[in-house]
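Q: I have a structure open and want to learn how to read it. Where do we begin?

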Amino acid sequence: MSTIRLENLVKKFGDFTALKTMDLEIADGEFMALLGPSGCGKSTTMNMIAGMEEPTSGRILFGDRNMSGVPMGRRGVGFVFQNYAIFTHMTVRQNLSYGPRMHGAPKAETDRRVGAIAELLQLTALLDRRADRLSVNILQRVAIGRSAIMEPVIFLLDEPLSNVDAAFRAVMRTELKHLQRQFRQTMVYVTHDQLEAMTMADRIAVMDHGVLQQVGTPLDVYNNPANVFVARFIGAPGMNLLPGRPAESDRGLVIDLGPLGATAPLPERLANALRGHSGEILFGFRPEQATLAGEGRGIAAQVTAVERIGARTIVHLGEGASAIKVVLNNDQQAALGASAIVTPNMDAVRIFNRATGQAIGGSGNG
Amino acid sequence: MNVATASEDAMAMLAAEGRAVARDEAARLGFRLALPAQILVLFIAVFPLLMQLYISLTDWSPLSGLGWWNAWELWNSFANYTDLAADKRFWSALWRTFVVMIVCVPVEFLLGLGLAMLFADDFPGKRLFYSILLMPMMVVPAVAGYMFFMLFQSGGPMNDILSALTGSRVAIAWLSDPTLALAAVMMADIWQWTPLMFLILLAGLVGVPEDQMKAATLLGANAWQRFTTIVLPKMKTIIIIALAIRVIENFKIFDTLYIMTGGGPGVATETISVYIYKLTTQDLIWGYVAAIALAILLVLSIATVFAMKRMAAAREARA
Amino acid sequence: MAEIAFRNVGKRYGGTVALSNASFTIRDNEFFCFFGPPLSGKSTILRLILGLEMPDHGEILIGGKPVNAVSPAERNVAMVFQNLALFPHMSARDNIRFPLAERKIPQAEIERKLADVAAKLHIGHILHKQPAQLSGGERQRVAIARALVRDPVAYLMDDPISALDARLREETRVELKRIQRELGKTLIYVTHDQEEAMSVADRMAILEAGVIRQVGAPLEIYDHPASTYVARLLGSPMMNILPSTASGNDIRVADGAIAVEGLAGAAEIAEVGVRPEDIRVSAWAQGQSGTPSRVYEVEPLGGYTVVTVDAGPSRVRALMRGQPDIRPEAMVALSCDAAAVHLFSRNGTALSR
């Protein structure tokens, strides 16, 4: 087990910069998710940690050991590929024993380790099956077992759940998280699915266009997004972001949202940070952090769509730049076409500089 | 809606659920649609075979003044076949053909595999070398024959090169020496057919899943271990195919060889094809030729069936 | 009137039953969704409606008239393909006009229909553009316009947005729903995503291996699933299906690990279902009555939190609003209202109370 440190990591492919300066420290035993849309540089980062790609510049350290020049077979890294990369011409047993065999481990020792890992992953009954006709969830366990048998310092997982069907994915998330918490294995998990990152990771590194946007615990990233990208990317639906300007009122500093009206007064901390800021801002609040009312003071908008999805109801209001989503429990109702007053929980409001996209006022109460 | 495209698209999209039908009904329909072609092929293949069998049981020759269908007048039962068994020239030609094959095919295979592994990675000038490498395959065998014929003349480039290398005048009479002539012929074959081997093996090599190779590397396998545990097993089928193609083709070696040596000196490079050709054009004993051809066909068929069985077994194991 | 109805329709492919005795009615102007796992027969139904496939038995009616013998072209049902299948070299206008141009309809008539459908879909201003110049949403509308310009009885979509990324899918399904509502034309829609189905459908049919298990409005099915199969298919996290034991007149859930006041029912109850959002989780206090359970894992979603608990013999998921301070391995008490409990018999069918 060991910590992983990425220092000034840069990766260019010809003219294309896949990763622009990445600094990240992953603690021993930590479950770190690298999260972002495709092309954000997350897979490149992971491939460099594994040694499949050499960084253009910068360093990767496992503990104190500089990994530059260490070939991928010698890094002690376990890697679970997106499609699992199972050796289809071998049996499950041959797959599991592959690492020890290649290292010339004695037969008895190998058998013992294969037996133990198969037991742990409930693969014992399948050991002599050929690996090319197994279901996805078994393939995944074989892939994990094949790496785990080498007792890697660090486990890298590349979107391992993307081929699993939706219902089973939820179960796998819980299981994977539980397994990691039990063994305290350092894990780096690459995904484009914010739900996977939120539910499983100890910390999330959100990336976009080769730039690290924010690192934090799931709730940190959700509650206090560092910028507009993170605010939109995390959460389902993402954060509401309404353009406006700070304005003084008799009740204190409010945000003038133009045709939508003005907000309630901002909390002290945000108001202080915003005073003296004259430019346009984005007024952000989570769809779950707002209530709807028929009348009263607040942001007035018309209900344009209502989605009733089991436990939650997503209410869509307004159009274009001033579109708002509010998530209600399914015991609350909203009628299509009705006018409604949206009242955000002002303690959970976040403000962003519209020009730079960066959060104003730093972290909230979290 | 454009119905034609609609049905096609929908068929494709919905194919998953329709697979079961498709198999039964399509199999029946497919059989009926293919029937005329099958009959035609059968006619093309079976008719000459029967004709050959018929002639092989006679002493018929184009000089006999009879139409081939009247060959029964020269019926000799199995005399051609018993002659064949005692024909030393035939057996030595067959043995020579076998020697050429046993040398050429493995050399072509190893060279082809080495080149394929080289070309599986990127290196500067890859495309250019690739084109150059494939060129011999595109040369008409007869032309290749003339090229090598000239290359191996006593005053030809081969001796010039050897002279330059050794610093003394080399004047080897390549094509006049029985052993060297055979070697020269083999070199020509290797030159011309290594590219095909290379091409087939490269296709197989590129098909080895890259992530499985990476996974093996990450698990600590070195290059040789990766080759033996991943590459070779995955390429088994394609290797058998490549070898089968070359074995069958090499058995029929003729044009290049005939132009280089004409089977000589003496009968030093006379392979089975050359022998048959000579019997056909010089001796004109077609009944005997038909018997030889049938015997060879039988041998080759057995070899092919064996190879196909191995291939099917390999495919079965993989599926 | 343009109802589309199946009366006892069956279809086999060789030995495989693709659809067995399907009967349902799709009402005029509704957004009707077929939902089920892969190979459950959804796409077979679309093929049967389109006329690309003949039923083995049973009757298909469109607008009350049997159409078993009617060719696909004459059924007047349109299909919008997942890849939209727009002709890239034609302007939006020519793409939409295409189905009419092939039918030798007078020019003036074509222009009138084109203007009509363009107005309905709000694409009048982009008709001159080529598909490559349009946004994804605009292309979607053009493809729908092309399907609708012939004024079909209904239009069909087979998993149209499954290829999009998650965020775009959330937006597009709302957009599709909006379009359908504005057009007021029957839309028959196939999806394998339960959230999408619930979001868009007016009514839906749930399929399992060629059998229609339940038909109804999404929330109706969500609240009253007819079987454990349907109950598990809708909702995320899925419904907890737990063993129950009758003790006297009372029913104990998961060996009493979930406290349910006054839950009574018939003896044939074998399992009960509880939606994750209906389970209350509270910290276990020493000396409290009832059964404590250990938290297995806590998964924050931001606005919600999934808490997985080892409750007696079962692993139970609870969906809690907000970000409660519950940690793995903590001891908690679980409870739920009797009204929120679904009762199932041994063979998995729902029992009424």
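This is a predicted model: local features need pLDDT of at least 70, side-chain atom pairs count only at pLDDT 80 or more; totals for chains, interfaces and linings use all residues.

Q: What box do the C-alpha atoms of chain A fill?
A: Take the box along the principal axes. For chain A it is roughly 80 × 45 × 35 Å.

Q: How many helices and strands does chain A have?
A: Chain A has 10 helices and 20 strands.

Q: What share of the contacts in chain A comes from residues 24 or more positions apart?
A: Count the contacts with a separation of 6 or more. Residues 24 or more positions apart make up 64% of them in chain A.

Q: How many residues of chain A are in contact with chain B?
A: Count each side separately. Here 17 residues of chain A touch 15 residues of chain B. On the chain A side, β6 (77-80) and α3 (98-102) each supply at least two residues. The most come from α3(A), with 3 residues. By type, the chain A side has 11 nonpolar, 5 polar and 1 charged.

Q: At what angle do helix α7 and helix α9 of chain B cross?
A: Compare their axes. Those of α7 (residues 178-206) and α9 (residues 223-251) of chain B come within 9 Å and cross at roughly 150°. Angles over 145 degrees count as roughly antiparallel, so α7(B) and α9(B) are roughly antiparallel to each other. Their crossing is right-handed.

Q: Which residues make the contact of α7(B) with α9(B)?
A: Look on both helices. Among them are B:W193, B:M197 and B:I200 of α7(B), and B:V231, B:M235 and B:I238 of α9(B). The residues of this contact divide into 11 nonpolar, 2 polar and 2 charged.

Conventions
Residues are numbered from 1 along each chain as its sequence is written. Chains are lettered from A and ligands numbered from 1 in the order in which they are written. Two residues are in contact if their C-beta atoms, placed from the backbone, lie within 7 Å. Helices (H or I, at least four residues) and strands (E, at least two) are DSSP runs, numbered from the N terminus. Ala, Val, Leu, Ile, Met, Phe, Trp, Tyr, Cys and Pro count as nonpolar, Asp, Glu, Lys and Arg as charged, and the others, Gly among them, as polar. Axes are lines fitted to C-alpha atoms, for helices over the stretch in contact, and angles run from 0 to 180 degrees between N-to-C directions. Angles under 35 degrees count as roughly parallel, over 145 as roughly antiparallel, 65 to 115 as roughly perpendicular and the rest as oblique. A crossing is left-handed if the near helix is turned anticlockwise from the far one by less than a right angle, and right-handed if clockwise.
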